[in-house]
Amino acid sequence: MFTEPHNPEISVSDLLLYLNCPRKVYFVSRGFELFPEINVSRVERMLLKELSLTYPESVKKYSLNADNLHKELEIDLAQICIDLPLLFPGELEGVGKDIFEEAETRARAKIPEIANNLLRAVEEYGKEPMLAALTPVKTEPFLSSEKLNLKGVPSKLVCFEGLHVPTILKPGNCPDQGVWASDRIHVAALVLLLEAESGKEIPFAFVEYVSFGLLRRVIIRSSDRREVLQICRRVEKIKTGFMPERKEEKFCNECNFLEHCTSSPSLMSKFF
Ligand code: SF4
């Protein structure tokens, strides 16, 4: 039923899936679909990601006035709510009005904190450095490297301290300090790709926690690079047919592969 991939291409999204659960990489590579559920929190995250793209303009105009920045972000959000179905027609097809309204209400509730954090960062780091760190020189550029056998798309590239560096937009929770381990691997993989294209060392990248208006700079260490390369090799192995051990994961009960994943090996061999 499914043909075995010969020389599997690896993308950064495979690495993220691996970090979520190695077995998911196996199922997706065999043609099963992830079917991420479109619910209120997914739409809310999409809205907040889009809203973050307006931060540079808003900060440029209102970096000294919390009330005005707050109002500007509210106006931007209202426009994004209209635009979102046009930006993602396939993904949002059939999503009910009630889901959009609830997602908008939740996203709107985050705006005061976003505005306060943006202003605090402008005060701490200065307006120009903040604008440099937020303003894209390229949005969603496609990066690939034959040598790494890897491809990926950062949310944006920004020009900071004379270097083009990748940024990822993360709408989930934000750690008290630094970035989540999976976000570190995500940006490290993008740094490796960008270095392969530019031939220059890129010592850092950014993670924007868009639900909070927080920007975190990540120094990319050799250990991060090593981990990315190790995960690439493991993903390659999985994509050529190796099924990783099943570990009881936190999210197994919500996983749409659960039924296949818990089948006996003899039954599984009928599927694959
Ligand atoms: S059921 Fe659990 S172990 Fe299996 S693929 Fe899903 S998350 Fe991974």
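**Domain contact, an aromatic pair and a lysine**

Between domain 1 and domain 2, two residue pairs are in polar contact, both at pLDDT 80 or more. A polar contact here is a pair of N or O atoms within 3.5 Å; within protein, one must be able to donate a hydrogen and the other to accept it, and residues adjacent in sequence count only if both atoms are side-chain atoms. The side of domain 1 that touches domain 2 draws at least two residues from each of β5 (156-160), β6 (163-170), β7 (204-209) and β8 (214-219). Of these, β5 gives the most, with three residues. Sorted by class, this side of domain 1 has 11 nonpolar, four polar and one charged residues. Nonpolar covers Ala, Val, Leu, Ile, Met, Phe, Trp, Tyr, Cys and Pro; charged covers Asp, Glu, Lys and Arg; the others, Gly among them, are polar. Helices (H or I, at least four residues) and strands (E, at least two) are DSSP runs, numbered from the N terminus.

The model is predicted: local features need pLDDT of at least 70 and side-chain atom pairs count only at pLDDT 80 or more, while totals for chains, interfaces and linings use all residues. Residues are numbered from 1 along each chain as its sequence is written, and side-chain values use heavy atoms, with hydrogens and water left out.

Domain 1 comprises 10-32 + 136-271 and domain 2 comprises 40-133, with bounds from an automatic or database domain assignment. Their centres, taken over C-alpha atoms, are 25 Å apart. Each domain puts 16 residues into the contact, where contact means heavy atoms within 4.5 Å. About 1400 Å² is buried between the two domains, 66% of it from carbon and sulfur atoms; buried area is the accessible area (1.4 Å probe) that two parts lose on being put together, summed over both. Zero salt bridges are found across this interface, a salt bridge being a side-chain nitrogen of Lys or Arg within 4 Å of a carboxyl oxygen of Asp or Glu.

The structure also holds seven aromatic pairs, in which rings of Phe, Tyr and Trp (its six-membered ring) have centres within 6.5 Å; planes under 30 degrees apart count as stacked, over 60 as edge-to-face and the rest as tilted. F32 and F257 are edge-to-face because their ring planes stand at 85 degrees, with centres 6.4 Å apart. F32 and F257 are 225 residues apart in the chain.

K170 is found in strand β6. Its side chain makes a polar contact of 3.4 Å with that of H186. The C-alpha atoms of K170 and D183 are separated by 8.4 Å.
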